[in-house]
Amino acid sequence: MKILVFSDSHGNVEHMAEAVERDRPDRIFHLGDVEPDARALRRRFPDIPMDCVPGNCDGRRPDLEEEKLVEAEGRRILLMHGHTRNVKLGMGQAVWAAREAEADVLLFGHTHEAFCTYEQGLWIMNPGTIRGSWAGATYGVITIQGGDLVCYGLKV
């Protein structure tokens, strides 16, 4: 299974579509900012399942969970934008939430700074911003195959 992870699209649906066409994922996660972009991507690729959480630029969204725990191939993945866990001040609160949820992967955005690390049994990934910044347009990939789980980042 291949999952693409987008965050902070801020109006740039084309970069997401380019990544989907190139990588051909089985599933997509959008971590907020801006949720209508996720809906536009879903309309372009209706056969690919998508999970979304709202970001701080998405307003109050009672129809979307601020944090969402999903399962993929028997692995637990916690999705959040990160603003409610103050990730700009450090990722401690977000990591704590992931460990409480017994997640295998923690995904968050908000800072627009891409990184991916593995710490004490937990993958921690921020895909950066798919809109693009000084570091380019970035996104994340999760692959799960035969019980092995790997996370990494890519540029459009």
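Mentor: Happy to. Let me begin with a term: a nonpolar core here is a set of buried Ala, Val, Leu, Ile, Met, Phe, Trp, Tyr and Cys residues joined through side-chain atoms within 4.5 Å. Please keep in mind that this is a predicted model. With that in hand, the largest nonpolar core has 18 residues, and the members that touch the most others are L4, F6, V20, I28, L41 and Y139. Two or more residues each come from β1 (2-6), α1 (13-23), α2 (35-44), β3 (50-52) and β9. The largest share, five residues, is supplied by α1. In soluble globular proteins, nonpolar side chains tend to be buried together. There is also a second, separate core of 17 residues, with V5, V70, M125 and L149 among them.

Now to the sheet itself. Five strands make up an open sheet with mixed pairing, and their order is β3-β2-β1-β9-β10. β3 and β10 are the edge strands, each pairing on one side only. From one strand to the next, the twist averages 20°. Within this sheet, β1 and β9 are antiparallel partners over four bridges, and I3 stands opposite I142 in β9. As for the helices, α1 packs on the sheet and touches β1, β2, β9 and β10, its direction making about 170° with that of β1. α2 lies across β1, β2 and β3 and runs at about 175° to β3.

Follow β9 to its other partner and you reach a hairpin. Strand β9 (residues 138-145) pairs with strand β10 (residues 148-155) in the antiparallel sense, over eight bridges. T138 faces K155 in β10. Two residues sit between the strands of this hairpin, where G146 has a positive phi near 55°.

The loops joining the elements deserve a look too. Between β1 and α1 you will find S7. S7 counts as buried because its relative accessibility is 0%, under the 20% limit. Its side chain makes a polar contact of 2.7 Å with the side chain of D8. Leaving out residues up to four places away in sequence, S7 touches L31, G32, H81, G109, H110, P127, G128, T129 and I130.

R24 is in the loop between α1 and β2. Although R24 is not a glycine, its phi is positive, about 50°. R24 has a relative accessible area of 68%, so it is exposed. In the next loop, between β2 (27-30) and α2, lies V34. The peptide bond joining D33 and V34 is cis, with omega about 20°.

One more loop, between β5 (75-80) and α3 (92-100), holds H83. H83 counts as partly exposed because its relative accessibility is 24%. Among the residues H83 touches are P54, G55 and H110. H83 and G55 are 28 residues apart in sequence, yet 7.2 Å separate them in space, C-alpha to C-alpha. N86 lies in the loop between β5 and α3 as well. N86 is not a glycine, but its phi is positive, near 55°. At 36% relative accessibility, N86 is partly exposed.

Terms used:
Residues numbered from 1 in each chain as written. Predicted model: local features only at pLDDT ≥ 70, side-chain atom pairs only at ≥ 80, totals over all residues. Heavy atoms only, no water. Pairing = 2+ DSSP bridges. Buried < 20%, exposed > 50% of the residue type's maximum accessible area, 1.4 Å probe, protein only. Contact = heavy atoms within 4.5 Å. Polar contact = N/O pair within 3.5 Å; in protein donor to acceptor, adjacent residues only side chain to side chain. Axes fitted to C-alpha atoms, helices over the stretch in contact; angles between N-to-C directions.
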